[in-house]
Amino acid sequence: MIYQGKQKIWSDYQKEIPSDHWFYVRSCIRQSFFPGSEKWFLGICRDMLGKDIHETEHHTTCGGIAYHCDVIPQLTAMTIVARQFALMTEAGYKNLVASCITSFGNYTETLETWREFPELEARVREALWKSCRREFEKPEYVAHASDLIYKFRGEIAEKAKFRLVDHRTGEPLRVVEHIGCHYSKMFPHKGVGGAEYPCVLSGMAESWGGRIIDYPERRHCCGFGFRQYLVKANRGYSMSNTHKKFESMEPYHPDMIITNCPGCPYFLDRWQYVISEQTGKTYGQNGYGIPVLTYEELAGLVLGIDPWDLGLQIHQVAVEPLLDKLGIAYDPAKKYLGLNEKDIMKPGLPTVLRCC
Amino acid sequence: MEGKPNKEQVAIIGAGIAGLEAAHQLLRLGYAPVLIEQADHAGGHVAEWNRLFPDKAPAAPLVEELLEQTREATLILRAKILSAGRLGDGFNIRLSDGTSLHVRAILMATGFSLFEAWKKEEYGYGVYDRVLTNADLEHWFNTGDDTRIKGDLKRIGFVHCVGSRDVKAGNTQCSKVCCITAIKQAIEMKERFPEAEIWCFYMDLRLFGKKYEDFYIGAQRDYGIHFIRGRVSEVSENIDGKVIVKAEDTLNGKPVKVTLDALVLMAGMVCNRDIQPLAKELSLSIDDDGYLKSRDNIGSVTRSDRKGIFLAGAATGPKTIPETLAEARSAALDIHNFLSGE
Amino acid sequence: MDFGFSLAPSSAVNLDTVDLSRYNRLVRLEPDARICMACGSCSATCTAGPFSGMSVRKVLLGLQRGQDAQVNRMLSACMLCGKCTMVCPRGINTRNLILNLCRIAADGSVSKGEGRL
């Protein structure tokens with residue numbers, strides 16, 4: 001692998017990301033999948049870095065799941081997007097940052113569609129006015145939340161309490177980065193680093209001391225695929241894609257996987273349990289799985305936030321081996337205590353996959 | 001210019017094989033050709049090649065013969081054209097070395113560019129350790145020097161149509177010579193690595209020229225080269241630094257995957273964009289494929305739509321060497337007829 | 001535990017693991033097996049093809065892609081009429097090719113009288 005070759009390609013895919021004043025839209029599913037991530041995105045950006053990130057309780061789904069499941073037509077999806085733009089305009093913001101990769105893809109696709117077909121924008125404006133009596137300005141910049149953390153990676157590194165280094169050996173941790181499909185595969189120039197070698201996550205991991213693993217199936221989808229997962233009979237296809245990725249990354253012995261999509265960390269994490277039950281195989285060391293983190297969780301760990309405050313106990317794959325490598329102290333007794341020490345109950349243990 | 005007082009000068013832009021052959025013919029017709037070449041050597045792409053299809057004839061003697069035949073012509077290397085434009089009934093060309101030419105005829109023998117293979121990001125050229133281009137392989141044949149070819153190769157792949165017939169790469173045209181070049185190079189690799197399995201991934205095999213089909217049958221029968229009909233969709237690198245190629249075997253209707261010790265990308269001929277400012281200065285038309293536009297594509301391929309400006313070789317589109325040489329001769333005759341008052 | 005779904009087998013052909021010994025054996029017995037260009041003349045004229053799926057082109061391809069079961073199924077349908085030999089533009093002796101293939105067992109070994117017909 002020739003690192004300079006990748007840098008040459010990265011230089012073609014630089015994306016302008018304003019450093020402040022963003023209107024934030026959340027994901028439909030991340031708050032139940034990885035409940036600490038969005039909270040700590042705001043915590044890190046607002047409280048630690050002093051940025052102005054605005055959100056409103058009036059925003060809805062972007063319609064992405066329904067759109068990608070063929071439940072609603074594109075015109076409907078675009079009108080939902082237009083309503084979010086209207087909320088942004090009403091709040092006085094020009095930059096839109098999305099928590100979800102599919103939302104980011106949906107906003108980008110909508111704007112690109114309007115650029116190519118202005119008559120569709122006119123129809124959507126009319127539909128939004130008729131249905132909601134709202135008007136909007138198009139955002140000047142659309143970013144995914146991982147773009148912002150990428151942008152702030154240097155500031156985070158300066159404040160870091162921990163580096164992505166095995167504190168016992170001094171070796172950089174081996175990090176697999178997995179990019180959500182809708183981040184840049186549709187519009188490579190809208191993602192940091194393009195679609196073939198995106199550097200939005202690898203840039204973070206490298207800035208914080210880790211070493212990126214480039215394995216053969218790095219481009220492969222996690223397998224979620226909306227319809228593949230949502231219809232139970234098709235879930236084998238979803239899991240087979242995840243399985244393919246794990247088989248491909250296995251020889252590199254990754255210490256962790258970081259992701260920037262709502263679905264990917266969920267499936268890369270949970271399928272490790274199902275694969276272990278069905279095939280008897282686990283991919284981490286000593287019978288554990290490979291911990292899968294969101295980029296906010298990773299940033300949070302680097303900044304010294306308590307793992308249980310980040311919500312890492314909600315993961316299927318135990319994160320304790322990773323915390324031990326990083327030298328992060330944690331209290332096992334508090335793992336399943338929620339807000340105000342409320343008992344959130346200990347889950348049952350899998351038969352094969354080792355958990356703490 | 002060095003004392004050729006009685007002979008009329010003709011400007012030839014480009015000293016590849018088209019320019020050299022045209023210069024050779026113009027010398028014989030009694031003119032004083034001036035070859036203007038931006039590179040530091042004459043012979044163009046052919047001078048960098050090792051052997052030529054379909055006979056595997058070495059490239060060097062062809063170039064040497066052309067240089068020998070054009071010794072009487074003026075050859076200006078590392079030339080940069082500062083300006084070119086109409087002056088009286090001819091053209092004035094000023095070069096950065098101070099040379100100023102006044103000619104009645106210009107031959108555009110400006111050739112092609114090789115597609116920059118890194119632009120097909122999914123093939124990993126410049127990123128993976130064992131991915132090289134057809135031109136790199138010829139360089140290796142010539143010099144034996146290329147770190148991407150490591151040890152005794154057991155499995156080798158060739159990808160046809162890299163940057164050709166590819167709307168997204170900006171080149172819809174067939175580059176014409178890559179199918180036969182891939183077959184030639186596959187055979188040469190099999191001769192060097194007799195134990196190797198070699199796969200050619202193609203979309204269509206376009207083997208139109210004299211002896212090409214025989215060369216193809218020979219590659220199959222005598223060398224056991226495998227041909228898979230399907231465009232390579234993605235390339236990756238495994239933990240040993242080997243190359244994993246994915247394609248669909250469209251004749252079988254199934255995806256295929258293979259791990260290789262080396263992958264050769266058949267980078268296609270694309271238009272030479274460096275000459276577009278000069279073309280603009282001379283009011284030459286550019287075709288929609290980016291190549292210079294002939295007056296027509298049947299009877300007047302070597303004539304431009306501007307009086308006194310002629311075209312030869314790959315300046316107007318992908319060409320084989322015999323086609324290029326024939327066009328150069330044809331253009332020389334056209335220029336002679338023009339200058340002698342046809 | 002029954003999850004109601006399981007890993008789906010891949011339909012991809014992995015050339016790294018395909019066993020070519022049967023094909024290579026055939027090539028030694030009938031070298032012209034290599035010069036097929038997949039034009040489909042054989043399949044279009046095949047007497048058995050429309051009813052059984054027999055196709056000399058697909059037999060040769062299947063041998064090189066590890067699809068032994070399909071190859072054996074196709075071979076069993078051949079009636080040895082020789083029409084494919086008549087139409088092959090590259091003059092492959094498809095009859096000799098099929099007869100030799102039938103003699104080569106699926107494991108790549110050849111039954112007695114190798115190559116002689």
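The buried residues of helix α11 of chain A pack against α8 (145–151), α9 (153–159), β5 (174–178), β6 (211–212), β7 (256–259) and α15 (295–302) of chain A. The structure is a predicted model, in which local features need pLDDT of at least 70 and side-chain atom pairs count only at pLDDT 80 or more, while totals for chains, interfaces and linings use all residues. Residues are numbered from 1 along each chain as its sequence is written, and chains are lettered from A and ligands numbered from 1 in the order in which they are written.

**An enclosed helix in chain A**

Helix α11(A) spans residues 200–207, and six of its eight residues are buried, so the rest of the structure largely encloses it. A residue is buried if 20 or more other C-beta atoms lie within 10 Å of its own, exposed if 12 or fewer, and partly exposed in between, with C-beta atoms placed from the backbone. The buried positions are A:Val200, A:Leu201, A:Ser202, A:Gly203, A:Met204 and A:Ala205. Just after α11(A), A:Gly209 takes a positive phi of about 105 degrees. Helices (H or I, at least four residues) and strands (E, at least two) are DSSP runs, numbered from the N terminus.

**Two crossing helices in chain A**

Two packed helices are described by the angle between their axes and the distance between the axes. Helix α5 (residues 74–90) and helix α7 (residues 118–132) of chain A pack at an angle of about 70 degrees, with their axes 9 Å apart. This makes α5(A) roughly perpendicular to α7(A), a word used for angles of 65 to 115 degrees. Axes are lines fitted to C-alpha atoms, for helices over the stretch in contact, and angles run from 0 to 180 degrees between N-to-C directions. From α5(A), the residues A:Leu75, A:Met78, A:Thr79, A:Ala82, A:Arg83 and A:Ala86 meet A:Arg123, A:Val124, A:Arg125, A:Ala127, A:Leu128 and A:Cys132 of α7(A). Two residues are in contact if their C-beta atoms, placed from the backbone, lie within 7 Å.

**A sheet in chain B**

Chain B holds an open sheet of five strands in the order β11-β18-β12-β13-β14, with parallel pairing. Two strands pair if DSSP finds at least two bridges between them. The edge strands are β11 (131–133) and β14 (226–229) of chain B, each of which pairs on one side only. On average, neighbouring strands of this sheet are turned by 25 degrees against each other, direction ignored. Helix α4 (residues 178–192) of chain B packs on the sheet, where it touches β12 (155–162), β13 (197–202) and β18 of chain B.

| Strands | Bridges | Bridge partners |
|---|---|---|
| β11(B) and β18(B) | three bridges | B:Thr133 and B:Leu265 |
| β17(B) and β1(C) | two bridges | B:Val256 and C:Val13 |

**The contact of chains B and C**

The contact takes 14 residues from chain B and 13 residues from chain C. On the side of chain B that touches chain C, the elements giving two or more residues are α5 (212–221) and β17 (254–260) of chain B. The largest share of that side, six residues, comes from β17(B).

Chain C itself has seven helices and one strand, in the pattern β-α-α-α-α-α-α-α along the sequence. Of its 117 residues, 31% count as buried.

Terms used. Angles under 35 degrees count as roughly parallel, over 145 as roughly antiparallel, 65 to 115 as roughly perpendicular and the rest as oblique.
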